[in-house]
Amino acid sequence: MLIKKRTGIEIPSSEITPKSAYLSRRQFMRGAALSTAAVAAGGLLAACDSPDAEPGSSAADVSAVQTAMPGKVSATADELGDPLNTFEEITTYNNYYEFSINKDSVASLSKNLPTAPWQVAVGGLVNKPKIYDLEDLMAIEQEERIYRLRCVEAWSMVIPWLGFPLAKLLNEVEPTSAAKYVRFETVQDRENMPGLNSSLFPWPYVEGLRLDEAMNDLAILSTGLYGEALLPQNGAPIRLVVPWKYGFKSIKSIVKIDLVDTMPESLWMKTAPNEYGFYATVNPNVDHPRWSQATERRIGEFGRRETLMFNGYGEFVAHLYDDPDFDTTQTVRGQ
Ligand SMILES: Nc1nc2c(c(=O)[nH]1)N[C@H]1C(S)=C(S)[C@@H](COP(=O)(O)O)O[C@H]1N2
Ligand SMILES: [Mo]
């Protein structure tokens with residue numbers, strides 16, 4: 001991955017490129033995305049439950065300009081040479097079930113989510129529990145991390161995040177020797193999140209990491225992307241990003257982080273324990289019970305590409321796992 005240190009996240013609004021200044025392939029893919037949603041809505045478990053649809057293949061797609069937002073990122077590609085997804089793609093094709101199971105609806109439904117003031121309560125098995133104001137977290141040195149995001153549904157993007165290693169925050173609160181896992185919880189804003197009315201899911205959205213996974217430098221708390229503060233659809237004001245695991249581990253709009261001694265049960269483990277395990281490491285050799293994970297569709301590209309073990313981050317994280325195939329799906333290791 002590319003890492004570039006940045007100090008401070010304050011981006012004057014004058015620097016923000018108007019969306020009309022660039023064009024994206026996204027707008028040509030709406031039809032395909034809608035059909036994905038339609039399939040999802042028909043199933044019991046909705047979008048994280050359905051394989052990704054193929055994109056439409058219109059001529060317009062080929063000629064669409066896929067310009068990122070130059071000047072706000074240090075590179076235009078990831079370390080493998082693959083181009084960044086556009087700001088438009090990253091902010092209009094979203095999984096955020098508290099708003100909708102329809103990826104194309106999340107941006108508009110979430111635009112009024114109040115994200116300031118915001119607090120994150122960090123506690124549990126720690127010596128120094130603390131309720132952080134967002135400003136405290138923004139004061140931590142922000143870094144740019146260009147990461148691939150691989151959804152379990154088999155689509156992917158390359159995203160230039162801003163944020164800081166989760167380990168920095170965990171070290172501040174000092175986990176006790178009893179702490180073995182980290183449990184994260186998303187805000188439940190009933191007024192502004194229509195999806196919370198759905199009884200298909202055991203809200204709130206909860207995710208977890210083993211403590212050593214959480215301490216790995218690749219695991220970040222993100223506060224922005226493309227040099228701007230996060231928008232609600234991407235998990236404003238602060239969300240987890242764990243690039244070697246399927247996207248559902250990267251929990252959005254976090255209000256609570258607890259150090260615990262037993263494996264947290266995530267929303268997806270409760271919803272479909274036979275399909276979504278705790279570890280959820282990206283692994284092309286272990287298929288989802290209902291579809292292959294060997295290949296993926298990079299948003300903005302035609303065809304499919306091979307999925308990489310650990311999403312291409314094995315060099316940094318393989319040592320965390322005894323048996324990667326086991327750890328892709330199972331929930332019991334380490335308990
Ligand atoms: N709270 C919450 N976090 C969430 C989700 C969600 O529905 N609710 N969806 C997850 C899934 S399935 C994916 S693929 C990523 C998508 O992140 P993005 O929309 O920023 O690309 O967010 C993850 N975090
Ligand atoms: Mo996902």
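The model before you is predicted: local features need pLDDT of at least 70 and side-chain atom pairs pLDDT 80 or more, while totals for chains, interfaces and linings use all residues. Residues are numbered from 1 along each chain as its sequence is written, chains are lettered from A and ligands numbered from 1 in the order in which they are written, and side-chain values use heavy atoms, without hydrogens or water.

I begin with ligand 1. A polar side-chain atom of glutamate 98 lies 2.8 Å from a nitrogen atom of the ligand. For threonine 186, a side-chain N or O atom is 2.9 Å from a ligand nitrogen. Asparagine 95 takes part through its backbone, with a polar atom 3.2 Å from a nitrogen of ligand 1. On its own, ligand 1 has 540 Å² of accessible area (Shrake-Rupley method, 1.4 Å probe), and the protein covers 99% of that.

Ligand 1 is surrounded by 18 residues (a heavy atom within 4 Å), and among the closest are Asn94, Tyr97 and Lys252. This shell divides into 8 nonpolar, 7 polar and 3 charged residues; here Ala, Val, Leu, Ile, Met, Phe, Trp, Tyr, Cys and Pro count as nonpolar, Asp, Glu, Lys and Arg as charged, and the others, Gly among them, as polar.

Where does ligand 1 sit? The space taken by ligand 1 is the largest cavity, by the criterion that more than half of its atoms lie within 2 Å of the grid points. A cavity is a set of points, on a 1 Å grid over the protein atoms alone, where a 1.4 Å probe fits but cannot get out; lining residues have an atom within 4 Å of a point. The lining comprises 15 nonpolar, 6 polar and 3 charged residues.

Finally, the backbone. Most peptide bonds are trans. Tryptophan 203 and proline 204, however, are joined by a cis bond, with omega about 5°. The bond from alanine 236 to proline 237 is also cis, with omega near 0°.

Definitions and conventions. Polar contact = N/O pair within 3.5 Å; in protein donor to acceptor, adjacent residues only side chain to side chain. 1 Å grid on protein atoms, 1.4 Å probe; cavity = no way out; pocket = protein on both sides within 12 Å on 5 of 7 lines; lining within 4 Å.
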